[in-house]
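Okay, let's get going. Have a look at the model on the screen, and I'll talk you through a few parts of it.

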Amino acid sequence: MRLAIVQTRPEFGSTRANLQSAIELMESERADLYVLPELFNTGYNFIDTAEVESVAERTDGPTFQAIARFAKDRACYVAYGFAEKTNRLFNSAALVGPDGLIGLYRKIHLFDRETLLFEQGDLGFPVFDLPFGRVGMMICFDWIYPESARSLALQGAQLVLHPSNLVLPYCPDAMVTRCLESRVFSATANRVGTENRGGVNLRFIGTSEVVSPRGEIMVRLEREEPAVGVVEVDLAEARSKRINQYNDLLAGRRPDQYTS
């Protein structure tokens with residue numbers, strides 16, 4: 001299957017323009033599965049919850065409708081991050097296919113001021129069956145907790161979809177370790193640009209990437225520009241967790257010896 005990471009440069013609050021530019025980037029490359037960044041349609045650097053409320057959407061909102069049309073027209077799948085509105089506000093990611101919504105993830109490990117703006121996720125780490133394999137989702141700062149990717153791997157995920165708005169420099173290299181320790185693929189879709197709002201200045205690091213179960217960086221984008229990276233992957237490579245005759249990375253776990 002052809003896997004695409006879509007690196008965008010959203011303008012804060014310009015949801016229609018951000019959505020359109022993301023779709024145009026996806027239209028520039030043919031893929032079976034596209035991964036868009038965290039909060040790709042709104043921007044990230046909210047001053048308060050009132051701002052989040054003003055742009056947050058329900059799962060069937062206008063962003064979903066546009067992405068679902070794209071997925072249906074292209075017979076493909078898209079994972080994207082958005083501000084979700086229920087009776088609460090979540091930093092969420094949706095997975096959409098030709099027949100509509102497949103699943104939802106709500107960010108569990110909130111970063112910095114996100115803790116003031118969003119509720120902690122309450123759906124666990126979900127895994128979904130697609131025609132080409134099993135995929136799971138996490139969002140941005142979830143990367144720093146090994147349990148995030150490991151939870152997905154233990155449920156059979158072969159590919160971790162990772163919408164992100166990275167400002168710390170460590171994640172691109174750390175995802176090599178996440179993939180090695182659980183023998184999974186990962187697709188980190190980050191954004192570029194800066195947002196200076198309310199006295200908080202954030203610069204996003206780009207470097208969106210796809211990493212293999214062997215820790216190989218299959219593609220890594222530049223730090224400054226919007227772009228799409230596409231690679232051919234066979235998710236069957238992530239089925240075996242064996243690294244030699246005696247060591248299976250998941251079967252060899254010793255939960256009875258671990259402390260929580």
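So, in which sense do S1 and S14 pair, and over how many bridges? They pair in the antiparallel sense, over 6 bridges. Quick housekeeping: this is a predicted model, where local features need pLDDT of at least 70, side-chain atom pairs count only at pLDDT 80 or more, and totals for chains, interfaces and linings use all residues. Residues are numbered from 1 along each chain as its sequence is written, and side-chain values use heavy atoms, with hydrogens and water left out.

On terms: helices (H or I, at least four residues) and strands (E, at least two) are DSSP runs, numbered from the N terminus. Two strands pair if DSSP finds at least two bridges between them.

Back to that pair. Arg2 sits opposite Glu232 in S14. S1 also has S2 as a partner, running parallel and joined by 3 bridges; there, Ala4 has Tyr34 as its bridge partner. S1 is mostly covered, with 5 of its 6 residues buried (buried is under 20% relative accessible area, exposed over 50%, partly exposed in between, with a 1.4 Å probe and protein chains only).

Zooming out, the order S5-S4-S3-S2-S1-S14 gives an open sheet of 6 strands with mixed pairing. At the edges are S5 (100-106) and S14 (227-232), each pairing on one side only. From one strand to the next, the twist averages 25° (axes are lines fitted to C-alpha atoms, for helices over the stretch in contact, and angles run from 0 to 180 degrees between N-to-C directions). Within the sheet, S3 (residues 77-85) and S4 (residues 89-97) are antiparallel over 8 bridges, and Phe82 is partnered by Ser92 in S4.

What lies across the sheet strands S1, S2, S3 and S14? That's helix H1, residues 15-27, running at about 145° to S1.

Next stop, helix H5, residues 146-154. Its buried residues are Ser148, Ala149, Leu152 and Ala153. Seen down the axis of H5, they fall within an arc of 130°, so they line one face of the helix (the arc is that of the directions from the helix axis to the C-beta atoms). The cover over them includes S6 (127-130), S7 (133-137), S8 (159-163) and helix H6 (171-182). Just after H5, Gly156 has a positive phi of about 95°.

S7 and S8 pair in the parallel sense over 3 bridges, with Val135 opposite Leu159 in S8. In S8, 5 of its 5 residues are buried: Leu159, Leu161 and Pro163 on one side, Val160 and His162 on the other.

Over in S7 we find Gly133. Is Gly133 buried or exposed? It counts as buried, because its relative accessibility is 11%. Leaving aside neighbours within four places in sequence, Gly133 is in contact (heavy atoms within 4.5 Å) with Phe128, Gln158 and Leu235.

The lining includes Arg253, Tyr258 and Glu181, and H5 gives the largest share, 3 residues.

Technical notes: On a 1 Å grid over the protein atoms alone, a cavity is a set of points where a 1.4 Å probe fits but cannot get out, and a pocket is an open set with protein on both sides within 12 Å along at least five of seven lines; lining residues have an atom within 4 Å of a point.
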